[in-house]
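Keep the view open beside the text.

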Amino acid sequence: MSWNEEAQNVGAPDEPVLSTVSVDLRWDADDRHGRLEGGDERQGNWKAPHAPVCHQELLCGSLTPSRQSVVESDGHGGGQQDGKYHIVYNREVLLVGRVHRDRLLAAAGEDCSLDNYLDKTNNAKTTTSAGVLSLLSLLEVQARSRRTQPQQQSRVKELKAKIEALKVQKQQLEAEIETHQNLQKLRSSLDKQCADEEDVEMEEVSENSQLLRLMARHTQLKDLLHAHHLIGGYDVIKTRQGKGVCVSLATAYEGVYLDTYNLEIDLKPTVKISRHNIPPFIPVNGLAEENDMQVNMRAFLDALSQHLNAFAGRKQQLKLLKEQHKSVEVMESNVLCSILVLMFKVPRAKTAVLCTLDYTDHSRCLPTRVHFECEDKQLSDSDQWKKNHSLLMETPVHKALTAMKNMGDIV
Amino acid sequence: MDDSARRLLQRIMRRIPAQMLKPTLDKWGRLTAAQRQSMDFTESKWALTEKLLAICEENEMTVKHITELEMIHVIENPDHCMWYALQLMDPEEDVHSVELTQFKEQFKSHLRELIRHVSIKIKKHTDEAVWIRIAWGDSFSRPNHLKPTYVVHHLQTPYVFVTSLTSKLKPLLSQALVLSTRYQAIKDASLSGRKLTAIRDLLMRQYQQVFPTKYPSPLAENDQNASNILINKEQAELAASRHQKACEAFGDGMLPQLQSAVYKLETKFRDHTNKTMTEREEAFRCVVKFASTNLLESLRHCASSGIASTPGTSLLSSIPLKGRNYFVITDNSPGPSSQTRQPSN
């Protein structure tokens, strides 16, 4: 049985329950149609116009409708079965309509005399219509008399309960505001202390103030982390309900953000890296061991960030070199961008210079060794090219090549 | 041009599909312009093969030149044979300074020390991959070019991909690789598949991985033609969280096209309703194989559409996490354990 609770416009709520209902129990033997508002043979379309109305009425009357969707027990033969649709009160039964349903049983409660109505067979018809109608009119009178006061009483109670709830909420909010204010004060004093590097003074040792201090420190650290993330450092968030963290390391070069790499680290039971998207030629595990990730996570993350930024920088330099200097041929490079062999063309001498750049320090963007090879020995020994040597050691390669082109050393 | 060269050329011509013939020959670059003109690519393959044989005779090409053609074809289309992944272990100090010429020389010299008659060809592809073609002979016979082994390695990474390698020759290749790349050991990575790009992308993590972030991306535009807007409203958040979890486990966007995953179970039979089987002492051996045109994509779809509950089982999400598709599960270890697997020919 499904209680269709779509709001029905059946008239004003304080109307007597039964007046608008055409509880016309004249049902014919043949067609078995009850003339009911909204009554429809088809199950799906049947609406219970009174269900919400009755609910309201019942609240007013401080009666609790015990709505039970129960299944009737007495078996019935096949074919159509008329079911009655009841709201059962403690003392009253209100017939609200007839509907085709398979089974219905309303627990009559104390009202045994109304069991008659629960029969599905034609017995229902045999009970005197007069009896039913008189009972229904009795109910109507009762409801009318109880209408006004009970309505107010229960409404008043409802509002009082709401007031209590709102008061409690207000108290909670006030407590929160107070905590927040204390926190702000502590935070500002903490920040000042950090700036002046004074010692922390323990004013009160009460639990509350210690907790507040911790909370203030927590918010300070969170803000620090956020600021770190904004300037292009790494960012940490908690995962797996606090059992792990995910670190995202951003890389940038010359003010341009490049790839972001992520690391998922388990904190319990042991501190170890569970997965990451760092390319295999960056020695993540090696760095973790070197910096003792278990003890000093920050050193490990700083070293890793340095390596990644340097790698991104070298990669970006290579990309810019290829874009800006198409006349320079890249003879060799590798995935780690730790070695670069370029071929320069010298304009007047019509010779080629082979330049090897070694980036053996993988945490830096600049080469550790620059070497020129040329057929003309004098060229590589000349002052000009010694200057170029130092230029390539100290400036990023794409900028160095631009400078060398401007000076006319290479084409 | 001797007989073996002729047979090799015929075999290569059979393998190259008709529409790839012209570009491959152009890339090979061993035919003169006139010879290229004389090849009429609308003829049947058999006729073209004959023509090409004649041209090669004319140019006095040897097996060496013809293997170049084969290598070009294989580099372009590596998906016709089974590739197996190997992993190099325990790097030495100078592993990062290995550069191409050094690697080439070392590899050739080491392999030639181990086996006398062997033909090695090394070529560096544009994407920094080093391709090696090895034709094996033994002490008595010349290298057999009809069954070459191809090896792909990216310098500075510990991964090597091989195809068509018999178990007899595997130790020789392993030793040469280990010595020339400055590592100390090599092991089987338990990953195999037909598509080289797929297994390479999986191992080197070249697909889009998803991590938990503070700022998840906004929901995609709702499909306005959806059947029921109310259902969408209710389900949108759930669907988004399922999708996020599925992407965290398997990845986002285009996933590497793995075709199969094999789980070899060596666990005890457990089923309360079947006493006879449960009472047996020894492990119940069975092999479970998942096969699909794109296995990771279908697993991700299972998780994101709600067919499988998230977070998914770690057995399935281990495939992208550990980069393997062969697992042996025993009772002692809670998760999938590693096991060596011999790549069969």
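Predicted model: local features only at pLDDT ≥ 70, side-chain atom pairs only at ≥ 80, totals over all residues.

Residues are numbered from 1 along each chain as its sequence is written, chains are lettered from A and ligands numbered from 1 in the order in which they are written, and side-chain values use heavy atoms, with hydrogens and water left out.

Let's begin with chain A. Its secondary structure comes to 9 helices and 10 strands, where helices (H or I, at least four residues) and strands (E, at least two) are DSSP runs numbered from the N terminus. Of its 411 residues, 38% count as buried; buried means under 20% relative accessible area, exposed means over 50%, and partly exposed lies in between (1.4 Å probe, protein chains only). Chain A exposes about 24,300 Å², and carbon and sulfur atoms supply 52% of that area. These areas come from the Shrake-Rupley method with a 1.4 Å probe, and for residues only the protein chains shown count as cover. Among the contacts in chain A with a separation of 6 or more, 49% are made by residues 24 or more positions apart, a contact being heavy atoms within 4.5 Å.

In chain B, residues 24 or more positions apart account for 70% of the contacts with a separation of 6 or more.

Now step inside. In soluble globular proteins, nonpolar side chains tend to be buried together. Here a nonpolar core is a set of buried Ala, Val, Leu, Ile, Met, Phe, Trp, Tyr and Cys residues joined through side-chain atoms within 4.5 Å. The largest such core has 46 residues, and Leu263(A), Phe300(A), Leu304(A) and Phe344(A) have the most contacts inside it. Helix H6 (residues 297-324) of chain A gives this core its largest share, 8 residues. The core also draws at least three residues from each of domain 2 (233-312) and domain 3 (325-407) of chain A, with domain bounds taken from an automatic or database domain assignment. For a closer look, pick Phe300(A): leaving aside neighbours within four places in sequence, Phe300(A) is in contact with Leu263(A), Ile273(A), Val284(A), Leu287(A), Ala288(A), Asn291(A) and Met293(A). Apart from this core lies another, of 32 residues, among them Leu203(B), Tyr263(B), Leu299(B) and Ile319(B).

Charged pairs come next. Glu76(B) counts as partly exposed at 37% relative accessibility, while Lys27(B) counts as exposed at 52%.

Glu68(B) forms a salt bridge with Arg30(B), at 2.9 Å between the closest N and O atoms. Because Glu68(B) lies in helix H5 of chain B and Arg30(B) in the loop between H2 and helix H3 (33-38) of chain B, the pair ties together parts that are 38 residues apart in sequence. Glu68(B) is partly exposed at 22% relative accessibility, and Arg30(B) is partly exposed at 35%.

Are the partners Arg200(B) and Asp201(B) buried or exposed? Their side chains meet in a salt bridge (3.6 Å, N to O); Arg200(B) is buried, with a relative accessible area of 16%, and Asp201(B) counts as buried at 18%. Elsewhere, salt bridges that share partners join Lys22(B), Asp26(B) and Arg36(B) into one network.

Finally, visit the surface. Leu211(A), Leu214(A) and Met215(A) make a nonpolar patch of about 290 Å². Patches are made of residues with over 30% relative accessible area and no salt bridge, with like charges joined within 9 Å and nonpolar side chains (Val, Leu, Ile, Met, Phe, Trp, Tyr) within 5 Å. Leu211(A) is found in helix H4 (residues 207-230) of chain A and is partly exposed, with a relative accessible area of 47%. On chain B, Asn332(B) is placed in the segment after strand E9 (326-330) and is exposed at 76% relative accessible area.

Note on methods. Salt bridge = Lys/Arg side-chain N within 4 Å of Asp/Glu carboxyl O.
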